[in-house]
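User: I would like to go through this model with attention to its charged pairs and its chain contact. Please answer each question in turn.

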Amino acid sequence: MAAINEYTIDKKYHDALIEWQRKNFPDIGLLEKYWDVYFPNDPAWRLTAKLSEVKADLINQGKYQGVKKYATAREMKGSMLYQALRIIKAQCSTELGSIQQHMDTVNTCYTDKAKFSVLRIMAEEFRHAYQMFWVLSHDPSWSTTGSSRIAENTLDELLSMNTGSHVLDAFNIPFTDSLDNVTFACFIDRVGRFQLTMQEEFAYAPMAASMRPMLKEEAFHLKTGWEVLKEICEMAAVGEGPWTLADIQKKINLWYPRALEMFGSEEGGESNLEFSFKTMSNKEAIGGYIKEIEWLLNSLNAAILQRRHPELSKEQVRLMAKETAILRLPSTRFLRFRSGEGIHESTFDVDGNRISPFEYINYLTRVLPEKLCSTEYFRSYTDRIRQALPTMTAA
Amino acid sequence: MDFRFINNRLDESIAILELDDPSANTLTYDLLHELEYKFLALEADPQVQAIVITGKGARFFSGGVNIGMLLTAGKKFNSNFILYAAEVLEAITHSKKLIVAAINGNITGGGLELALVAHKRVAVEGEYNIGFPEVRLGVIPGMGGTQRLTRLVGPQTALEMITQGQFISAERAKEIGLVDEIYPQEGFLNRAIAFTREQLNALKPAPTLSSETGAALAQSLSTPFPEGLATLRKENGLAVITLTEASVSADAFSTLRALNERLLEARIDEDVYALAIDLSAGLLRADELIDNDDFVVEYGRRVFSRIDGFARLCVLYCNRAMSELEMELALACDFRFCDQAGLTAEVALPTGELAILQRYPSQLPAALAGKQVTLARLVETGLFRCIDEEDPLAWVARYMTRFLPPNGASTAIGYAKLAISKGYAESIPSALLLERHLQEQLFIGADSQEGMSAYIEKRTPNFKGA
């Protein structure tokens, strides 16, 4: 097993993050108090940056193939430096953003076990943010000729972000009930796992060395998301529990498109390969993700059928699940904001059929979670569509 | 210099420069720095008659200035960067070689501004974007784009292209005269080279350096200049560049390059509010007749113009004999100091029609042009100030602190310098426009608010340099 070394960050940022945690994640003490009750076999959570050995010493793809991975940021120049910074910032923003989202609804989780699992997820996301702060603050060479504060500016910006101002849209959506905590862990954290896995080959060694410990923790998030969502589906299958299958479907309609957009445009990702920041193009990564989610959804459908028909074998329900598709993935064209088309041209239904922009907003209120439709987030999106309407009429 | 972002090969007398910073070949300080040096080297190379600029890959010539850089680096850096980028592009326009931009794909913003400094542009067939999207980002093309596009396609078309921020196709670009030819994707670069060759044949051969001088310069450029010719230290916002003893014994070109490097570092630095140059050890040997070497002199002037265009105060300290070129450096600075010991040193005053000389009618009367005079004489005319201090350079550093934040509104001071030095060379309407623009910028900045608040509250202002 690879050795893990732990570090703390500069006091200035350590204190700033603790202050951030007091404001955004006050329940961390509760988790620490009951850790042994819910996770007796796992080492206690600690706020440190964890580094493992890098997977490979040399950059093994792209423009700098064969060069030793960069130990200092100074060695990266030109676009590479800014792109590395952008990726680290986006990574950190997702960690902080998800805590802010989870916090709104964690106390409404339907069991204590689920609640403490979500608290653990939040604590680990907080450690991941701490890790990214370490990546940017431990290396004084994070500067470029003429500008010595690019890392500092980024860290300050990260500390000031809230739901609504994060880098990726998935982290700007307010959770409206604890089904969001679970669906998010299942769909969005899975994208996180893809990104972390690809970033194990990151050309900047301190970032690459951060990935394995993060991945290990991310596995718990996915497992929690999957197990609790499955449990909720099984209950819903027989009319039990707090949510119906229709409620679950609406959450899938919300989170799946956001997850896809986290990968970036299908045509993009070329420079991440050239700079060896990631190991797959966006298209490849999206393809892999969709495949995994399709399998997952099929398993959920099978679990639903099994609960309804306990007499059937696992194999039978699996086959039936494929045919009946009780829960379905929306089309990859549905609710996409980064399609490259104008907002009024990206109005598709869940089956991928173009839908009139005039009908679109009403349609969304039918297929998305009801409570979401009364949030500022939804209002802001639909306002942008409405603003485009007169132009279309004139055209 | 190691070239990481500019690939270069030679096809007989045509140099092909390829921008190579994936995926969009965006303009960063590092890329432009390499581009500047590569052009200098090609300029010096007598074998090279034309330069073709293109982008690596099939998708981008250049996506313009790297927005990620602008977003993270801070306002002061961005402002310094744009000035630097404009200077690099301006320097390219002075090239004596024929320059052709081979537009191999998307070309937007600063990328198009780069192509506009070329004498000719050829474009690849296909669907991609050509244009200036700057207004969509809340800015305008700021590296000469508004002026060069207007002169190429006319004001009406330029206005439409820039204010609408929309992209046009290669075909449309040809219609309006933005590109000269369109060639198919297959064999595009070879067609661009052939086009360049045709253009060369139609032109008279450009004046080039003698092969001996060119080879010497090329040799000098191909090796890193010795360390320590010039040093840079920063103290609380004041950058001090010191030319060392080593610089005097090095060849003039290397010394000028070393000075250029330190000037660039100081100029791009967001923490530098004023600059002092210590010439007491010397820049060039006073007896060195480099004035015969037009290339080096021209390069020197380009380096010195970095001081003139720097929106910060620059002072020079020297207490020894100075050559004509060194005196040009002194004139590019805003204030000049010497000490008692240096008063008897001889100074060779420049001759000719240098614009910078016109700025000093009373301190540098026409009668003195081309003469050899003592520093004492220049102290008399007011061009130099004599410091009677034990450590004159320390005194200069102390003197400059009055112009630095928090005591000095360094940006206002720097802008006042630009309004005077740049405005003086312009017609009154242009100079007034410049003044108005600079004033507008200052009113947007935090220092003007602080200055006015402090005035009303009867306290000392605490300027931030913004």
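User: How many salt bridges does the structure hold over all chains?

Analyst: This is a predicted model, in which local features need pLDDT of at least 70 and side-chain atom pairs count only at pLDDT 80 or more, while totals for chains, interfaces and linings use all residues. Residues are numbered from 1 along each chain as its sequence is written, chains are lettered from A in the order in which they are written, and side-chain values use heavy atoms, with hydrogens and water left out. A salt bridge is a side-chain nitrogen of Lys or Arg within 4 Å of a carboxyl oxygen of Asp or Glu. Over all chains, the number of salt bridges is 49.

User: Which residue of chain B forms a salt bridge with Arg149(A)?

Analyst: Arg149(A) sits in the loop between helix H4 (112-137) and H5 of chain A, and the pair crosses between chains to the loop between helix H11 (252-268) and strand E12 (274-278) of chain B. Helices (H or I, at least four residues) and strands (E, at least two) are DSSP runs, numbered from the N terminus. The closest N and O atoms are 3.7 Å apart, and the partner is Glu270(B).

User: Is Glu270(B) buried or exposed?

Analyst: The classes rest on relative accessible area with a 1.4 Å probe and protein chains only: buried is under 20%, exposed is over 50%, and partly exposed is in between. Glu270(B) has a relative accessible area of 5%, so the class is buried.

User: How many residues does the contact take from chain A and from chain B, and which element gives the largest share of the side of chain A?

Analyst: With contact meaning heavy atoms within 4.5 Å, there are 24 residues from chain A and 22 residues from chain B. Between them the chains bury about 1900 Å², 47% of it on carbon and sulfur atoms; buried area is the accessible area (1.4 Å probe) that two parts lose on being put together, summed over both. Lys63(A), Tyr82(A) and Thr145(A) supply 27% of the area that chain A buries against chain B. The largest share of the side of chain A that touches chain B, 6 residues, comes from H3(A).

User: How many residue pairs are in polar contact between chain A and chain B?

Analyst: A polar contact is a pair of N or O atoms within 3.5 Å; within protein, one must be able to donate a hydrogen and the other to accept it, and residues adjacent in sequence count only if both atoms are side-chain atoms. The rule for salt bridges finds 4 across this interface. For polar contact, with both residues at pLDDT 80 or more, the count of residue pairs is 15.

User: Which residue forms a salt bridge with Asp20(B)?

Analyst: Asp20(B) is buried, because its relative accessible area is 7%. The pair links distant parts of the chain, 36 residues apart, from the loop between strand E2 (14-19) and helix H1 (29-44) to the loop between strand E3 (50-55) and strand E4 (60-62) of chain B. The closest N and O atoms are 3.9 Å apart, and the partner is Lys56(B).

User: Which backbone oxygen does the side chain of Thr381(B) reach at 2.8 Å?

Analyst: Thr381(B) lies in helix H14 (residues 375-381) of chain B and counts as buried because its relative accessibility is 17%. A polar atom of its side chain lies 3.0 Å from the backbone oxygen of Leu378(B). At 2.8 Å, the side chain of Thr381(B) reaches the backbone oxygen of Gln363(B).
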